[in-house]
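Hi everyone, thanks for coming. Let me put the structure up on the screen, and then we'll walk through a few spots together.

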Amino acid sequence: MSEAKVAQKAPYGVEVEAGKKYFWCSCGLSAKQPFCDGSHKVTSLKPVAYEATESKKMFFCGCKAAKTAPFCDGTHRNL
């Protein structure tokens, strides 16, 4: 599998904590969306690391097609 599965056609709003590292699921197979649970190991896709510089709400891509991964850019509206 080299193409991501759409996890949902909307972003995931997540409160992130400053200094914490997050691994966004790029394959769409994780049961812990929007974050990686290791399901990508059956694909050629890899998770995307993000380290929060401040505590705030961030919107992570759910459709796995955003050009601004790991964050939503509205691409889901065209799927």
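Let's begin with cysteine 27, which is buried at 1% relative accessibility; buried means under 20% relative accessible area, exposed means over 50%, and partly exposed is in between, with a 1.4 Å probe and protein chains only. Before I go on, this is a predicted model, where local features need pLDDT of at least 70 and side-chain atom pairs count only at pLDDT 80 or more, while totals for chains, interfaces and linings use all residues. Residues are numbered from 1 along each chain as its sequence is written, and side-chain values use heavy atoms, with hydrogens and water left out.

So, how many disulfides are there? Taking a disulfide as a pair of cysteine sulfur atoms within 2.5 Å, the count is zero. For cysteine 27, the nearest cysteine sulfur belongs to cysteine 25, 3.7 Å away. Cysteine 63 isn't in a disulfide either: its nearest cysteine sulfur is that of cysteine 61, at 3.7 Å. Cysteine 63 is buried too, with a relative accessible area of 5%.

Next stop, glutamine 33. You'll find it in the loop between β2 (21-24) and β3 (48-51); strands here are DSSP runs of E, at least two residues, numbered from the N terminus. Is glutamine 33 buried or exposed? Buried, at 18% relative accessible area. What does its side chain meet? There's a polar contact of 2.8 Å with the side chain of lysine 64. A polar contact is a pair of N or O atoms within 3.5 Å; within protein, one must be able to donate a hydrogen and the other to accept it, and residues adjacent in sequence count only if both atoms are side-chain atoms. A polar atom of the glutamine 33 side chain also lies 3.1 Å from the backbone oxygen of serine 30.

Now strand β1, residues 12-16. Its covered face has Tyr12, Val14 and Val16, and its uncovered face has Gly13 and Glu15. β1 runs antiparallel to β4 (residues 56-60), joined by five bridges; strands pair if DSSP finds at least two bridges between them.

Last one: the whole structure has one salt bridge, meaning a side-chain nitrogen of Lys or Arg within 4 Å of a carboxyl oxygen of Asp or Glu. It joins glutamate 54 and lysine 56, at 3.6 Å from N to O. Glutamate 54 is partly exposed at 42% relative accessibility, and lysine 56 is partly exposed at 35%.

Key. Helix = DSSP H or I, 4+ residues; strand = E, 2+ residues; numbered from the N terminus.
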